[in-house]
Amino acid sequence: MLRVVRRLALLLLGALATPAHAEDVLYLYIWNSYLSEDTVRRFEAQCQCRVNQDYYSDNEEMLAKLEAGATGYDLVVPTGFAVETLLRKAALRPLDKARLPNLANLKAEFREPWYDPGMRYAVPYATTVTLLGYNARRLAQLGLPTDTWALIFEPRYLEKLKGKVTVLNSQRELMAAAMKYLGYSVQEIDPARWDEAKRLILRAKPYWATFSNSTYIKDLAIGNIWLAHGYSSDMYRAQQDALEAKRPFAIEFRTPKEGAVLAVDSFVLLKGGQRPDLAHRFIDFILDGTNAADVSNLIGAGNPNAAATPHIRPEIAGNPGIFPPPGDLRRLEMLRDFDPKTRRILSRMWTEIKVR
Amino acid sequence: MKGRATAWLWAAALAVYAFLYLPLAVVVLFSFNDSLLNAEWVGFTTRWYATLFADEQMLGAAANSLLIALTAATLATVLGTMAGMAMQRWRSGLLRCLPFLVLTPVAMPEILLGVSLLLFFRQVLDLTLGLVSILIAHITFSIGFVAIVVRTSLAMLDESIFEAARDLGAGPWQTFRRVTLPLILPAVLAGFLMSFTLSIDDFVITFFVAGVGVTTLPLQIYSMIKVAVTPEVNAVSTLLMALTLTLIALAARLAPDALKGRM
Amino acid sequence: MTERRSARHAGGPGESLTRWLVSLPPTLFLLVFFLAPALLMLGASFREPGDFGGLAPARQDGQWNLSLETYRFFFGDWIYAEIFLRSFLVAAATTLLCLVLAYPLALAIARSARRHRDLLVLLVILPFASNFLIRIYAWIIVLGPADLLYSPFAVIAGMVYVHLPFMILPLYTNLEKHDPALLEAAQDLGADTWTRFRRITLPLSLPGIWAGSALVFIPVLGMFAIPELLGGTGDILVGNLIKEQFLESRDWPLGATLSILLTIAVLLLAGISAWAGRPRRSSP
């Protein structure tokens with residue numbers, strides 16, 4: 001009996017002693033539903049390696065996890081302001097552009113992002129708009145508009161949608177939506193205006209079903225929720241899921257007329273990553289026109305890659321929620337990081353919003 | 001009169017059994033649902049089980065869970081058996097604090113253990129979260145369970161056996177190996193199985209101390225519940241239920257008293 | 001054989017060494033990985049948050065960087081204490097409901113024929129064999145179409161469902177030990193079913209009730225997964241708040257403070273439960 005136990009123990013020790021990164025594995029930390037399985041498999045076949053993915057659904061969540069010790073990822077996909085944060089923390093490894101010939105494919109307007117002048121650390125991957133997705137049939141039945149933030153903030157609309165609305169569980173995003181609705185900039189830090197936004201949110205909160213960063217995708221598709229505040233790529237997925245499952249309604253999504261948040265998400269290399277070589281290969285792979293097109297065709301996100309344009313399906317290229325037309329672009333703002341003191345105030349306000 | 005009261009009692013009992021089983025029956029049933037969503041029944045299929053076995057992420061998580069559970073259960077059983085013996089035999093001096101140390105992790109809400117270990121790993125050890133951090137966390141909360149089971153088992157033994165062994169000239173290790181261990185072996189094994197189950201099942205503590213690329217099954221299920229709720233989740237739930245069911249049945253058979261005694 | 005008990009403790013020359021060898025490893029392990037983290041948590045509640053999360057250094061430029069700020073923040077507004085109150089209420093409701101549901105079942109099993117009991121107990125443990133997330137997920141599926149998801153009802157239902165076996169088993173262990181002769185004697189003296197239950201069974205089962213209640217109440221206090229997956233905007237509990245501080249807001253000192261306060265609450269409750277459930281002279 002004891003001999004068996006001893007042998008088992010030796011086996012286990014042997015298994016544990018194998019170095020963790022023995023084979024070729026690329027560790028990727030990315031938004032959920034932001035990278036299609038097809039794309040990953042094609043890359044794995046090409047590089048003869050494995051891609052290990054972990055997911056997050058909010059920049060704050062990602063930053064918190066990285067801060068809480070999740071080192072070892074090779075690639076992360078932060079939004080612009082989060083790139084700012086990571087740069088300030090000196091957490092990023094500079095790009096080796098010699099290994100990224102396909103960088104030339106990027107559209108001109110994405111080459112000098114304000115958060116990464118000279119594109120030394122971040123390679124743009126996809127763009128999304130934070131907007132409202134809805135069950136078209138239900139909202140038509142209720143005679144509700146579909147193009148305004150008032151839908152999630154005004155009791156006169158919320159009354160008809162009570163318990164059928166979700167909002168993002170994100171400090172920055174929800175505050176930004178409130179700010180836009182009130183006519184202010186998303187970067188506004190005036191305490192009086194923040195207070196106004198807080199009161200707006202607290203007034204609407206009893207009508208919301210829950211705060212959700214990812215469950216709204218399935219809830220919309222199943223029909224439990226009729227209106228959700230979320231990312232355009234997730235709304236696209238909900239739309240496709242509902243179609244595939246032959247639900248008796250359609251999911252649509254629109255950018256509210258008051259304006260919204262535009263997010264540019266980029267690949268960055270973390271200093272703690274073990275395989276920058278694989279990371280560079282992956283980025284170059286994604287920058288190739290046909291692969292980049294997957295981002296739009298399969299994920300429903302906007303595309304910073306010019307070489308992808310001919311491969312993008314027309315119905316997606318023409319979707320204003322995915323590729324905002326110039327008129328919409330003027331009303332879209334990108335989030336910028338706050339200084340630590342402001343961030344803390346916001347954080348405490350967020351706690352109050354959750355608790356009250 | 002007694003008969004009617006018993007009838008009512010059993011009606012209530014059956015209702016509670018139904019309450020316990022129906023939701024799970026729904027989960028198992030829908031694992032065969034031929035639809036992308038868990039909204040309504042469409043048709044019968046086993047394709048979700050096929051998807052499950054092709055899902056590398058899931059298989060990796062399962063492998064991690066198994067490896068962690070085996071290692072954590074082994075180490076927790078060793079340490080827990082030692083603790084159980086210490087608590088039963090020596091209660092003076094410094095060792096008076098041992099019951100507190102051993103039993104409090106069992107009584108505390110898991111979130112407190114999770115965040116305090118996160119804090120400890122990051123601030124003091126500057127440890128990269130991963131397999132090791134999860135292992136340590138799982139061992140910490142399992143020791144108490146094993147200790148309780150072993151102590152109960154020891155308490156039921158007749159002490160004269162140990163006296164007899166000593167009188168016959170046996171040293172402590174000999175006494176342990178040839179007298180104590182065989183007698184408490186069912187309890188030790190039950191403790192091992194319980195630690196194993198606890199580890200495979202653990203969500204809260206693992207949630208805080210898991211690191212990069214090390215997903216366990218519960219964490220994987222959690223992220224699937226939030227995002228990709230295809231019936232694949234139902235399939236993995238059904239299989240997991242079958243596994244832990246087998247283990248508990250085994251434990252119940254090995255040491256029925258020890259299992260109840262831990263309460 | 002009791003006269004030889006003292007001889008056991010005296011032991012031979014190997015006894016002292018054995019004592020150290022056996023008790024040291026688990027003690028050390030728990031001191032390092034349980035007590036030290038707990039003390040660290042206490043210390044963290046007095047520190048400042050780091051710029052990007054985590055904790056700011058305790059000493060900066062030779063000055064101690066400590067403050068009571070998080071405690072001031074917590075006690076400065078009643079709404080934060082309210083969250084503790086809400087968590088207590090949810091825990092109490094869950095415990096009560098579990099008791100109501102568990103008692104008939106435990107009693108039925110305890111009164112059934114001896115040969116059936118192990119099987120019946122196993123049938124109770126079986127659903128418990130599923131992962132707790134799966135049990136929550138089951139309720140998501142069931143409640144979604146019924147329009148009951150994201151509500152306090154869903155949270156309580158989930159809590160009760162997940163914790164019910166923790167109430168059934170201790171109750172059963174206690175009830176099983178009741179001597180049927182007591183009940184027969186009472187019946188001979190003319191007591192009806194209800195009186196027999198009220199004056200014999202119930203009081204004797206109190207230690208089991210206390211044990212089960214502690215096993216339900218305390219874990220419920222710390223839960224976050226159930227309110228997160230099943231609850232609405234007004235249903236978050238202490239556990240959610242703690243989790244958010246560590247994994248979203250990156251305000252570790254506030255998270256530490258909340259954890260310390262929760263720990264104190266739990267220790268108090270555990271103490272009360274141990275005192276209330278202590279063996280009395282008249283128990284079986």
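Me: How many salt bridges does the structure hold over all chains?

Reply: A salt bridge here is a side-chain nitrogen of Lys or Arg within 4 Å of a carboxyl oxygen of Asp or Glu. Over all chains, the structure holds 35 salt bridges. Some ground rules first: this is a predicted model, where local features need pLDDT of at least 70 and side-chain atom pairs count only at pLDDT 80 or more, while totals for chains, interfaces and linings use all residues. Residues are numbered from 1 along each chain as its sequence is written, chains are lettered from A and ligands numbered from 1 in the order in which they are written, and side-chain values use heavy atoms, with hydrogens and water left out.

Me: Which residue forms a salt bridge with A:Glu352?

Reply: The partner is A:Lys198, with the closest N and O atoms 3.1 Å apart. This pair links distant parts of the chain, as A:Glu352 sits in helix H16 (residues 340-355) of chain A and A:Lys198 in helix H9 (residues 191-204) of chain A, 154 residues apart. Helices are DSSP runs (H or I, at least four residues), numbered from the N terminus.

Me: Are A:Glu352 and A:Lys198 buried or exposed?

Reply: Buried means under 20% relative accessible area, exposed over 50%, and partly exposed in between (1.4 Å probe, protein chains only). Both A:Glu352 and A:Lys198 are buried.

Me: Where do A:Arg237 and A:Asp241 lie?

Reply: Both are in helix H11 (residues 232-244) of chain A, 4 residues apart, about one turn of the helix. A:Arg237 is partly exposed, at 25% relative accessible area, whereas A:Asp241 is buried, at 14%.

Me: What area is buried between chain B and chain C?

Reply: The size of an interface is often given as the accessible area lost when the parts come together. Buried area is the accessible area (1.4 Å probe) that two parts lose on being put together, summed over both. Between chain B and chain C that is about 8000 Å², with carbon and sulfur atoms giving 78%. Counting contacts (heavy atoms within 4.5 Å), 85 residues of chain B touch 90 residues of chain C.

Me: How many salt bridges does the rule find across the interface of chain B and chain C?

Reply: The rule finds 1 salt bridge there. In a salt bridge, the side chains of B:Lys226 and C:Glu228 meet at 2.8 Å, N to O. On the side of chain B that touches chain C, helix H1 (residues 2-30) of chain B gives the most, with 15 residues.

Definitions and conventions: Helix = DSSP H or I, 4+ residues; strand = E, 2+ residues; numbered from the N terminus.
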